[in-house]
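Hi there,

Here is the structure I promised to pass on to you. Have a look at it first, and then read my notes below.

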Amino acid sequence: MIDRDRTFTWYLAQLKPNCAAVAQNNLKRQGFETFLPVHEETRGKNGKFDTRMAPLFPGYIFVAFNAAKGLWRKINSTYGVSRLVGFGQGPTEVPAEIMQQLMARCDEHGRLLPSGRLQPGDRVTLVTGPLASFAAEIEAIAPDQRVWVLLDIMGGQTRVTVGADQLRPI
């Protein structure tokens, strides 16, 4: 959970393959504040669809700390972390404005919230369900966040109702 009231200097850490949860747990145990934004992702495998939470930036995690204290060397040696991203001698700070905007788009657990800027006529991609990865055009939006989209399937347009959280702008 992110404490949005405290001010930190945020940095980006590159992770070892498939070690996001391990690195996040180890960093938190050492007292570092972390931020790992995730989103729903649907993948087809063996004729079935699997929807799960996946990192928004695979292979990376945001870490807050005071670089002047030299703590970045401790992060580099954390199990699951490959290295801190940097240009030059030390790690490079992620601009505070970018972090604020990214955190504003996520809930308290780091889950990406649906964009509230969808409008009829927008081109979108479905991100969950059996129609994941299909491109569509928004036809109408209801106040309860139901969205009617037109899918191009086999040369014709098909009208489908989905939740706003199942769409991403193209």
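Which residue is the bridge partner of Ile138 in β10? It is Val149. Before we go further, please keep in mind that this is a predicted model, in which local features need pLDDT of at least 70, side-chain atom pairs count only at pLDDT 80 or more, and totals for chains, interfaces and linings use all residues. Residues are numbered from 1 along each chain as its sequence is written, and side-chain values use heavy atoms, with hydrogens and water left out.

Now the strands around that pair. β9 and strand β10 (residues 146-153) pair in the antiparallel sense over five bridges; two strands pair if DSSP finds at least two bridges between them. On β8 (residues 123-126), the pairing with β9 (residues 135-141) is also antiparallel, over three bridges, and Val124 stands opposite Ala136 there. In the whole protein chain you will find three helices and 12 strands. These are DSSP runs numbered from the N terminus: helices are H or I with at least four residues, strands are E with at least two.

Next, the inside. Of the 170 residues, 38% count as buried, meaning under 20% relative accessible area with a 1.4 Å probe and protein chains only. The largest nonpolar core has 16 residues, and Leu27, Ile61, Val63, Phe65, Ile75, Val81 and Leu84 touch the most other members. Such a core is a set of buried Ala, Val, Leu, Ile, Met, Phe, Trp, Tyr and Cys residues joined through side-chain atoms within 4.5 Å. At least two residues of this core come from each of β1 (10-15), α1, β5 (60-64), α2 (72-76) and β6 (81-84). A second, separate core of 12 residues includes Leu126, Val160, Val162 and Leu167.

Phe65 is worth a click: leaving aside neighbours within four places in sequence, its contacts (heavy atoms within 4.5 Å) include Tyr11, Phe32, Trp72 and Pro91.

Finally, the largest pocket has a volume of about 460 Å³, the space filled by probe spheres set on grid points that are joined across faces, edges and corners. A pocket here is an open set of points on a 1 Å grid over the protein atoms alone, where a 1.4 Å probe fits, with protein on both sides within 12 Å along at least five of seven lines; lining residues have an atom within 4 Å of a point. Of its 26 lining residues, Ala20, Leu36, Val38, Ala54 and Pro55 are the closest to the centre.

Happy exploring!

Notes:
Buried means under 20% relative accessible area, exposed over 50%, partly exposed in between (1.4 Å probe, protein chains only).
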